[in-house]
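Me: Please go through the sheet in this model with me, strand by strand.
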Amino acid sequence: MSEKESEMPSGIKNPWKEFDDQRVESLVYLAKEAIESISLMQDLKRLYNRNDEEEILISEIIHEEFLIVKKFMKEAENAKRTQKTA
Amino acid sequence: MQKEPKKQLDLGKYEGEDKVISSYELKLKYAGEKESPKIWSNIPSLDKYTCGFEPGELISISGPTKSGKTLLAQTLTYQFSRKQEFSTWFSFEVPARQFLSQFADLPLFYMPAKLKAHVMKWVEERILEAHAKYRSRTIFIDHLHFLFDMAQSKNTSLQIGTVIRALKRIAVDNEFIIFLLCHTHKNKGDDYMTYENIRDSSFVAQESDSVFMIRRDPSLGENAAKLSVEFHRRTGVLEKVVYLQKVKGMLEEIEMDREGQ
């Protein structure tokens, strides 16, 4: 039993667990929003010809959004792992 | 008997969206549309022999067990994602957890949360779902024999033919590029294999736009493989070889000099 859990009187819901769950949920939500943004940007990208300035700009935005997905999902994974082992 | 000429007369005025038109009208129709761009593998010789992958193509990847078929497909997935083409995967053979852990640097791609084997209709729906949600247009299926139920099949070869044609139709209708992994049948004798060694059906080679055969080649090194572009319908390439080695979990081309050393 973890330190956090041992402090909790029996029958009372662990507020830390709820907090951790919400944190994971929020991170996944933000990553999904970024994925949705990638899809919209891909629609836009296909409207422009190759090497257009707009296309380069859109590619940069997709890359930024991808980094957001990667970062948030990594954080969510870490949070879930810590929660499991706590 | 009199109905035939009347029907022909009616068809003479037919104006449906599938009406028959001249080649020039059809060309004019496409002139106003932007072509979907090709996708490159970042493996120089492979790109040279294929001139990139074009929408509507069905590419079969085959080779003996443990020869590197899945690794090649994973490498393509990784390279496509670097070019912001995020693929969709059906990994029937390798469990999802293991499959994901095989990437040293996990790229973005999409997979069904749960797999349903032997149901082609389900696969088609998930492919269309991935495109509708994420604009994914490169599809990897590992592997062919999970797309139909062999136990229920009276004629495996014909069943495979039906599946392959369905995949080709999905690729053409939606401008997707489908990569299909296929096993080979057991080869007696030497290790040399061609597209004729693909298990159970000649339909695979007949309906594919290109067939890649891959096998390990210890003479080139511990983690080396030989990839043969058996044929490529669009480029006309036949039996061209690309030498590959596994570096940091992905395949890279080995540069060979003129003597092949």
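Me: In what order do the strands of the open sheet in chain B lie?

Reply: This is a predicted model, in which local features need pLDDT of at least 70, side-chain atom pairs count only at pLDDT 80 or more, and totals for chains, interfaces and linings use all residues. Residues are numbered from 1 along each chain as its sequence is written, chains are lettered from A and ligands numbered from 1 in the order written, and side-chain values use heavy atoms, leaving out hydrogens and water. Strands are DSSP runs of E of at least two residues, numbered from the N terminus, and two of them pair if DSSP finds at least two bridges between them. With mixed pairing, the 8 strands of chain B follow the order E2-E3-E4-E1-E5-E6-E7-E8.

Me: Which strands stand at the edges?

Reply: An edge strand here has a single partner strand, so one of its sides is left without a neighbour in the sheet. In chain B these are E2 (88-91) and E8 (250-253).

Me: How many bridges join E5 of chain B to E6 of chain B?

Reply: Strand E5 (residues 210-216) of chain B runs parallel to E1 (residues 58-63) of chain B, joined by 4 bridges, and B:Ile59 stands opposite B:Ser210. In E6 of chain B, B:Ser210 has B:His232 as its bridge partner. E5 and E6 (residues 224-232) of chain B run antiparallel, and the bridges joining them number 7.

Me: How many residues of E5 in chain B are buried?

Reply: Buried means under 20% relative accessible area, exposed over 50%, and partly exposed in between, with a 1.4 Å probe and protein chains only. E5 of chain B is mostly covered, its buried residues being 5 of 7.
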